[in-house]
Protein chains: 2
Amino acid sequence: MSLMIGGIEAGGTKFVLAVAENDGKIITRKKIPTGDPEAVITDVISFFKQFPIQSLAIGSFGPIGVDPRRDDYGSIKNTPKKGWANFRFLDLIKKAFPNLPVVWTTDVNVAAYGELTLGAGRGVNDLAYLTVGTGVGAGIIYQQKLYTGYNHAELGHLLMQPRAKDQFLGNCPYHGRCLEGMASGLALEKRIGHSAKLLEKDDAVWRTEAFYLAQACVDLTVSFAPEKIIFGGGVSNQEQLFPLIRESFTEQLANYVDTPPVDQYIVHALLGDDAGIVGALKLASEKLTDQVTAL
Amino acid sequence: MSLMIGGIEAGGTKFVLAVAENDGKIITRKKIPTGDPEAVITDVISFFKQFPIQSLAIGSFGPIGVDPRRDDYGSIKNTPKKGWANFRFLDLIKKAFPNLPVVWTTDVNVAAYGELTLGAGRGVNDLAYLTVGTGVGAGIIYQQKLYTGYNHAELGHLLMQPRAKDQFLGNCPYHGRCLEGMASGLALEKRIGHSAKLLEKDDAVWRTEAFYLAQACVDLTVSFAPEKIIFGGGVSNQEQLFPLIRESFTEQLANYVDTPPVDQYIVHALLGDDAGIVGALKLASEKLTDQVTAL
């Protein structure tokens, strides 16, 4: 019988837990609303205690501490989410499963890793994954590994140059006109003054939305220089955005550096809501292989 | 006797060539103006033919081709510099020295590597190096190695959010108000309408200059999340800029993510004009060690 592994996609709205065989085939999965942290963690621990898992990967909403040299490693940091600020997530898991190898990263990173290994990023070494929903999150893959510096990427807060004649000041409480402040789902609704669901597919506001997403692509191109930029999240499900993003990207980059052909470079995610848990299980599987190899 | 290594800092104005012992101690160095490319390469080859060098590192002005899978690898690409566009620099060196191990990267990257190993970046794993002079160049170090994706970093072209009331439209022919367009030495002089040498140290324009350099630091913080941001180049020699950059950075980042203490985070380069050749020799030395280890 194949070995078992576990994955957690710990989102701000819900947790997705899964146990799989080492090849990624899911045996069972469970969803838990992201309520009181103590209760959630108790449920998480009970769930995984039922299975002889040999490794676990956690992708958590953040910001989280990712540098093992710092005190906040393994914690959720300054979230406004009630009870979760400074919550020592990884410590509690490690206490419950003392010898289990655990991968600790962000929820966006596990989704990025899912897209790399089984989604729109298959075959590339370097990619940027942006999820545009209520907020804007980002995960970077460099040489087929998750990129992590002093912090994980927070590309939702790249500062934006306003589009000509755009008077909207953005809705990020920290930065005003950053990417999230100008182009998240919440920003879009604040800009138009009603639900985005009421928008027609040819509404002019999609061009404005595309302008900021394209600007983020320019900044990514001159910084990380990925082989692919993948958009996931609810706003990205508006397929009419993609031709507009590519057009605005080409205009804003002004042919300054080479990229792969733009229709292969700026693309929609393939795994949808499964990207996170799929990526977490892939990371858990690789962690297990590393452990076995190290023995 | 110790083995010999070679380094080339191929800048847009001049080439610096050096031969050193494997520990980096320079035996001889030479400068050549960046004139006609065929003549320059002939001089470069003659210089190194005099010594039994065992490895060579080249840091070239760019943009250059850095992806070994692409045809333009080893070339200088679309430079306006007469005769140098599409110049196959690396091929000519490899033809003259068929079995020599060669490192090929940008001039800014070798300077970044010099600062990492012997300058302001000693002891860190991840850093961003920005050189602010006539233009703005950047090198990224990740986990003590040069970061290279589909292209090398071109962070001089990060798109900038204008400072309140700043009417200057930037002087980048591609992007207008990108970092280089707003904050390079040429942009500064265009903004003030005369030589920057005439500016007093307390001129108000330094605050504007600092605003854009600080904004680049914010974008670097939310993207690469380095442990240190190091400024080199002529404009950065204006020491009064540093308190202003740090102040504006703190204001623009708005405490959104943790960074190292700002006076240790945003710092001046230490090696000055030597950073490039020192970094090239360090890379050549490591290349040699890799070769020896691989035997």
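Me: Before we start, which conventions apply here?
Reply: Residues are numbered from 1 along each chain as its sequence is written, and chains are lettered from A in the order in which they are written. Since the model is predicted, local features need pLDDT of at least 70 and side-chain atom pairs count only at pLDDT 80 or more, while totals for chains, interfaces and linings use all residues; side-chain values use heavy atoms, without hydrogens and water.

Me: By what turn can chain A be laid on chain B?
Reply: The superposition is by least squares on the C-alpha atoms of residues with pLDDT of at least 70 in both copies. It gives an RMSD of 0.0 Å with a shift of 0.0 Å along the axis, and the turn is 180°. The two copies are thus related as by a two-fold rotation axis, and the turn asked for is 180°.

Me: Which residue of chain A comes closest to the rotation axis?
Reply: The distance is taken at the C-alpha atom, and it comes to 2.0 Å. The residue is Gln161(A).

Me: How many residues of chain A are in contact with chain B?
Reply: Contact means heavy atoms within 4.5 Å. Of the interface residues of chain A, 100% are also interface residues in chain B, so the copies meet through the same surface. On the chain B side 43 residues take part, and on the chain A side the number is also 43.

Me: What is the area buried between chain A and chain B?
Reply: Buried area is the accessible area (1.4 Å probe) that two parts lose on being put together, summed over both. Carbon and sulfur atoms give 53% of the area between chain A and chain B, which is about 4,100 Å². Tyr150(A), Leu159(A) and Tyr256(A) supply 18% of what chain A buries against chain B, more than any other three residues. The area asked for is about 4,100 Å².

Me: Which residue forms a salt bridge with Arg69(A)?
Reply: A salt bridge is a side-chain nitrogen of Lys or Arg within 4 Å of a carboxyl oxygen of Asp or Glu, and there are four between chain A and chain B. For Arg69(A), the closest N and O atoms are 3.6 Å apart, and the partner is Glu227(B).

Me: Is Asp107(A) buried or exposed?
Reply: Buried means under 20% relative accessible area, exposed over 50%, and partly exposed in between (1.4 Å probe, protein chains only). Beyond its neighbours within four places in sequence, Asp107(A) is in contact with residues including Ala10(A) and Phe61(A). Asp107(A) has no salt bridge, with the nearest side chain of opposite charge, Lys14(A), 9.8 Å away, and is buried.

Me: What is omega for the peptide bond that joins Gly62(A) and Pro63(A)?
Reply: Pro63(A) sits in the loop between β4 (53–60) and α2 (89–96) of chain A. The bond from Gly62(A) is cis, with omega of about 5°.

Me: Where is Lys165(B) found?
Reply: Lys165(B) is not a glycine, yet its phi is positive, about 70°. With 81% relative accessibility, Lys165(B) counts as exposed. Its place is the loop between β8 (145–146) and α4 (179–183) of chain B.

Conventions: Lys and Arg count as positive and Asp and Glu as negative; His and the chain ends are not counted. Helices (H or I, at least four residues) and strands (E, at least two) are DSSP runs, numbered from the N terminus.
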